[in-house]
Amino acid sequence: LDPGDRSNQPQAAGICVEIGTCNSDCSLCDPGNACVSEANCIPDGAGGCEGATCNLDCADCSNPDECAASEAEPTGCIPDPNDSNGETCIALSANPTTDPTADPT
């Protein structure tokens, strides 16, 4: 991988950040340091850190399109299939199914 190539890194709060760091995954930030990061991370009220934007926390997405476009780690977000109103956004499962499909998405 070319060290100058940042195409595999998500944008958070308008900046380019490295995947797997506090700057892209607020749960990795130090709550003792007020969740300081280049991204928009805030204390979660339970002793950890969480994202304050849809690109960092699926729960902050305001509509299905924004949800589907989110790059929240580790795998992005999807509209909750159990929400008939389409208002809830959840993390995309990193666990594959055991049933293969002929037409993967």
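**Figure 1. Lining of the second largest pocket in the predicted model.** Strand S4 (residues 49-51) supplies the largest share of the lining of the second largest pocket, three residues. The model shown here and in the other views is predicted. The volume of the second largest pocket is about 150 Å³. Its lining consists of 13 residues, and those closest to the pocket centre are Asp25, Leu56, Asp57, Cys58 and Glu73. By class, the lining of this pocket holds six nonpolar, three polar and four charged residues.

**Figure 2. Overall fold of the protein.** The protein has one helix and six strands. Along the sequence these elements follow the pattern β-β-β-β-α-β-β. Of the 105 residues in the protein, 30% are buried. The accessible surface of the protein is about 6,800 Å², and carbon and sulfur atoms account for 49% of that surface. Among contacts with a separation of 6 or more, 17% are between residues 24 or more positions apart.

**Figure 3. Pairing of the cysteines.** Six disulfides are present in the structure. When the bonded cysteines are numbered in sequence order, they pair as 1-3, 2-5, 4-6, 7-9, 8-11, 10-12. Three of these links are shown in the close-up views that follow.

**Figure 4. The disulfide of cysteine 26 and cysteine 41.** Cysteine 26 and cysteine 41 are joined by a disulfide with an S to S distance of 2.0 Å. This pair links distant parts of the chain, 15 residues apart: cysteine 26 is in the loop between strand S2 (15-16) and strand S3 (41-43), and cysteine 41 is in strand S3. The angle about the S-S bond of cysteine 26 and cysteine 41 is -75 degrees, and the link is left-handed. Cysteine 26 and cysteine 41 are both buried.

**Figure 5. The disulfide of cysteine 54 and cysteine 61.** The sulfur atoms of cysteine 54 and cysteine 61 form a disulfide, S to S 1.9 Å. The link of cysteine 54 and cysteine 61 is right-handed, with 80 degrees about the S-S bond. Cysteine 54 is buried, and so is cysteine 61.

**Figure 6. The disulfide of cysteine 67 and cysteine 89.** A disulfide is formed by cysteine 67 and cysteine 89, with 2.0 Å between their sulfur atoms. Because cysteine 67 lies in helix H1 (residues 64-69) and cysteine 89 in strand S6 (residues 89-91), the pair ties together parts that are 22 residues apart in sequence. The disulfide of cysteine 67 and cysteine 89 is right-handed because the torsion about its S-S bond is about 85 degrees. With a relative accessible area of 1%, cysteine 67 is buried. Cysteine 89, at 10% relative accessibility, also counts as buried, since the cut-off for buried is under 20% relative accessible area.

**Figure 7. Surroundings of proline 79.** Proline 79 is in strand S5 (residues 77-79). The relative accessible area of proline 79 is 30%, so this residue is partly exposed. Apart from neighbours within four places in sequence, proline 79 is in contact with Pro64, Cys67, Thr88 and Cys89. Among these contacts, Cys67 and Cys89 are the two residues joined by the disulfide of the previous view. Proline 79 and aspartate 65 are 14 residues apart along the chain, and their C-alpha atoms are separated by 8.5 Å.

Notes. Residues are numbered from 1 along each chain as its sequence is written. This is a predicted model: local features need pLDDT of at least 70, side-chain atom pairs count only at pLDDT 80 or more; totals for chains, interfaces and linings use all residues. Side-chain values use heavy atoms; hydrogens and water are left out. Helices (H or I, at least four residues) and strands (E, at least two) are DSSP runs, numbered from the N terminus. Buried means under 20% relative accessible area, exposed over 50%, partly exposed in between (1.4 Å probe, protein chains only). Contact means heavy atoms within 4.5 Å. Accessible areas come from the Shrake-Rupley method with a 1.4 Å probe; for residues, only the protein chains shown count as cover. A disulfide is a pair of cysteine sulfur atoms within 2.5 Å. On a 1 Å grid over the protein atoms alone, a cavity is a set of points where a 1.4 Å probe fits but cannot get out, and a pocket is an open set with protein on both sides within 12 Å along at least five of seven lines; lining residues have an atom within 4 Å of a point. Grid points are joined across faces, edges and corners, and a volume is the space filled by probe spheres set on the points. Ala, Val, Leu, Ile, Met, Phe, Trp, Tyr, Cys and Pro count as nonpolar, Asp, Glu, Lys and Arg as charged, and the others, Gly among them, as polar.
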